[in-house]
Amino acid sequence: MAAPFDLNDDTVVVVIGTGAGGGVLSNELAQKGVSVVALEAGGRYLPDDYINDEWESFGQLAWLDKRTTSGDWRVAKDFSGLPAWIVKAVGGTTTHWAGASLRFQAHEFKTKTTYGDVQGANLLDWPIDLAEMEPWYEKAETKLGVTRTGDRAGLPGNNNYKVFEAGAKALGYEQVHTGRMAINSGDYDDRLACQQTGFCFQGCKWGAKWSAAYTDIPRGEATGNLEVREHAHVLKIEHDASGKVTGVLYADKDGNQHLQKARVVCVAGNSIESPRLLLNSASAMFPDGLANSSGQVGRNYMRHMTGSVYAVFDKPVRMWRGTTMAGIVQDEAKYDPSRGFVGGYELETLALGLPFMAAFLDPGGWGREFTTALDSYENMAGLWIVGEDMPQETNRITLNHDAKDQYGLPAPNVHFDDHPNDIAMRKHAYERGMALYDAVGATRTFPTPPYPSTHNLGTNRMSEKARDGVVNRWGQTHDVANLFVSDGSQFTTGAAENPTLTIVALAIRQADRIASELSKGNL
Amino acid sequence: MTKTMERRGMTRRELLTRSAAVTAALMIGPNLVAGVSGAWAMEVSHVSPQTMATLIQMARDIYPHDHVADDYYAVAVKSYDNADQAAMIEEGIASLNSAAQGLGHGSYLDTGWERDRVDILRAMEASPFFQTIRGGLVTSLYNQKAVWPLFGYEGESYSKGGYIDRGFDDINWI
Ligand SMILES: Cc1cc2nc3c(=O)[nH]c(=O)nc-3n(C[C@H](O)[C@H](O)[C@H](O)COP(=O)(O)OP(=O)(O)OC[C@H]3O[C@@H](n4cnc5c(N)ncnc54)[C@H](O)[C@@H]3O)c2cc1C
Ligand code: SF4
């Protein structure tokens, strides 16, 4: 059914990457009758292929191409070759994600105005606001089947949630529930209800969790307007003498290179690969990289202020049973600088299996302090902290000319230093997280350092003025009219909330814009 | 377990007669390391049995779990018994032994208290040898499916229908 398009067909929209941004955009365009070629570096895996085994699944799905790190963040020390935990597959990281789906708060679109000048932070207001985004959020929630939105019920709480909820209530928190999750609490959209298998990060074998891999992608293909080419790794975006993009060069699974012509190109490779691709597309006309007249491509890399708290009790919890992340405290997400930092954070339940717990509880740790923690694995509960981090110009993706990927292209280096605001917020969140578990009788708590980045944001940011960022309010690059950015790298600032609902809402909105501009002959 | 690493059901007596040396829990023969209980034995062909026994002890001292038997640690390090890595292992274990001797012990294995062995390891914590062994154990020990039940971890659940009817919310003390 998938429409095959000719390499020389220059009427197609080329979408690079098929994750939350690219997968949704491709389907939405196809539904509107636009011809789309989506190029995806990874292969295609469906629920039958997913593996209930942490490391085996990681080996199947993770993006493991060469990357390097620098900066004072702990990930650079603990996981120097793996700055981010991202998927290379049709559907992108929506195969791995946990499904937490939250709207931004109104002030989070306007942080420069709300927070004022924060030293060392490159804050900027988004050129859009919550009121404008609300209808798109609603469409995104309906698409993803987000629980506790529309008339969809919440998920039942698992063991990990019950401990978390009791602790949260003991501390006086009020906004405590099993989350707004893109996981079916009842059958929805031809997909089953959650069976509480507990391997949400490894791809949901029941299809209960939304993933572009088995929703938007096949639906787009069914229209006959979308061709998804898997194992198609884009190396460079080409342009003509007028500065408009004309197509993309990609390598197929045998390493053979092809040039796919295009009328419009949309970049959605997640926030490390998207800016890297623009930088690797430098030319005589654009010596600093495509769409980079502002010098902001690759800068303002954000990863959310994160951390985890695990706690051991004198009785079993068995946190791994059931949903990986269905539980939230939202009371700390507010703006309240009296806590000693701007921005807020969410506390969300999180469970890891024994193999990942051994790798992530205290990377590098050994001896009895470490092993007695794992001895109590069965009695452990856990939560994840996700908060707004400060955009900093010096936190950035650059090309590392000393490290090459499998195609001989410079690998991305990911540089990140924590901002003092990030550090103050993390300290506060650790204290609250540990207090939460202490309140229900924890015998030991662990303030666990951040994992490789699962939320990667901001490296092609949206700005009103061309000099402040890379794309405008539609995700269209300021410099090149027919070049768009369609993933989380558009984020001007990160907000406290998990990003994917906003990525999806922006992609639905962008599809609307591109389709209408195409029909008006403006692109 | 593989051919070189199986529970052979040898008697303790049989093993003892084949073994040249016995440490607290490990027996060391001309080409094998075995559990004193006789429950398991492992043949080595590239590193010496003495070295492998020391490596097994080192693995336990890095990640000590008193309810996890030696054979799981043996499985976790047995892949180092190969032509490419044997020299690196022999050299690393030799430095461990000389550190032990510097503190007045006969060898690392002869160092009776875990506390003293851990002191030796702490002093070499930054070495590539230590970091290779420690880093490898994170997966070679904890990603052994046979180890999981010892920690209560249940592993794969899809084939059993998930936990929806098997206790995802069965906590009764909170
Ligand atoms: C373990 C985990 C849990 C998470 N949980 C949540 C959660 O609960 N809630 C939430 O909101 N978010 C969550 N996230 C984050 C979420 O998955 C991402 O925010 C989201 O998927 C990002 O969308 P994206 O379109 O930017 O990129 P991705 O979904 O990563 O898609 C990018 C795609 O582009 C492809 N690609 C990259 N470069 C190229 C190239 N040069 N050529 C061709 N293809 C290319 C990649 O292979 C990939 O398929 C989680 C992430 C992880 C890892
Ligand atoms: S817990 Fe639910 S959502 Fe998660 S993998 Fe299992 S069935 Fe899917």
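This report walks through selected features of a predicted model.

UniProt, in an unreviewed entry, lists residues 88–305 of chain A as "domain: Glucose-methanol-choline oxidoreductase N-terminal". That span is 23% helix and 14% strand. Its end C-alpha atoms lie 24 Å apart.

An unreviewed UniProt entry also lists residues 391–507 of chain A, as "domain: Glucose-methanol-choline oxidoreductase C-terminal". Here the chain is 23% helix and 20% strand. The end C-alpha atoms of this span are 22 Å apart.

Y430(A) sits in helix α11, residues 420–438 of chain A. Is Y430(A) buried or exposed? Its relative accessible area is 14%, and the cut-off for buried is under 20%, so Y430(A) counts as buried. Along the chain, Y430(A) and N456(A) are 26 residues apart. Their C-alpha atoms are separated by 22 Å.

## Chain B at a glance

Chain B has 174 residues, and 49% of them are buried. How many helices and strands does chain B have? There are 6 helices and 5 strands. Along the sequence they follow the pattern β-α-β-β-β-β-α-α-α-α-α.

## Around ligand 2

Which residues surround ligand 2? The shell includes I183(A), F199(A), W206(A), K209(A) and T323(A). Also among its members are C194(A), Q195(A), Q196(A), T197(A), G198(A), C200(A) and C204(A). By class, the shell holds 6 nonpolar, 5 polar and 1 charged residues.

Take Q196(A) from this shell. Q196(A) lies in the loop between β4 (176–177) and α7 (216–222) of chain A. Its relative accessibility is 1%, so Q196(A) counts as buried.

Most residues other than glycine have a negative phi. Q196(A) has a positive value, near 60°. R148(A) also has a positive phi, near 60°.

Where is R148(A)? It is in the loop between α5 (130–144) and α6 (159–170) of chain A. R148(A) has 31% relative accessibility and counts as partly exposed.

## Aromatic rings

The whole structure contains 30 aromatic pairs over all chains. One of them joins W85(A) and F360(A), and it is stacked. The ring centres are 6.1 Å apart, with 25° between the planes. The pair links distant parts of the chain, 275 residues apart. W85(A) is in the loop between α3 (74–78) and α4 (111–115) of chain A. F360(A) is in helix α9, residues 354–360 of chain A. W85(A) and F360(A) are both buried.

Ring pairs also build a cluster. It contains W85(A) and F360(A), along with W55(A), F58(A), F79(A), F201(A), F356(A) and Y451(A).

## Charges over rings

Which ring does the charged end of R122(B) sit over? It sits over the ring of W366(A), 4.1 Å from the ring centre. Within chain B, the charged end of R115(B) sits over the ring of W113(B). There the distance to the ring centre is 5.3 Å.

## Salt bridges

Side chains of opposite charge can pair when their charged atoms come close. Over all chains, the count is 37 salt bridges. One of these is between K145(B) and D53(A), with the closest N and O atoms 3.0 Å apart. K145(B) lies in the segment after α6 (128–140) of chain B, and D53(A) in the loop between β2 (36–39) and α2 (54–61) of chain A, so this pair joins two chains. K145(B) is exposed, with a relative accessible area of 52%. D53(A) is buried, with a relative accessible area of 5%.

D405(A) forms a salt bridge with R276(A), and their closest N and O atoms are 2.7 Å apart. D405(A) lies in the loop between β14 (396–404) and β15 (410–415) of chain A, while R276(A) lies in helix α8 (residues 270–280) of chain A, so the pair ties together parts that are 129 residues apart in sequence. Both D405(A) and R276(A) are buried. Salt bridges with shared partners join D405(A), R276(A), R67(A) and E273(A) into one network.

R467(A) and D468(A) also meet in a salt bridge, at 3.7 Å from N to O. R467(A) has 60% relative accessibility and counts as exposed.

Terms used
Residues numbered from 1 in each chain as written. Chains lettered and ligands numbered in written order. Predicted model: local features only at pLDDT ≥ 70, side-chain atom pairs only at ≥ 80, totals over all residues. Heavy atoms only, no water. Near = heavy atom within 4 Å. Nonpolar A, V, L, I, M, F, W, Y, C, P; charged D, E, K, R; others polar. Phe/Tyr/Trp six-rings, centres within 6.5 Å; stacked < 30°, edge-to-face > 60°. Helix = DSSP H or I, 4+ residues; strand = E, 2+ residues; numbered from the N terminus. Buried < 20%, exposed > 50% of the residue type's maximum accessible area, 1.4 Å probe, protein only. Lys NZ or Arg CZ within 6 Å of the ring centre and 35° of its normal. Salt bridge = Lys/Arg side-chain N within 4 Å of Asp/Glu carboxyl O. UniProt positions renumbered as here; feature names shortened; annotations may be inferred.
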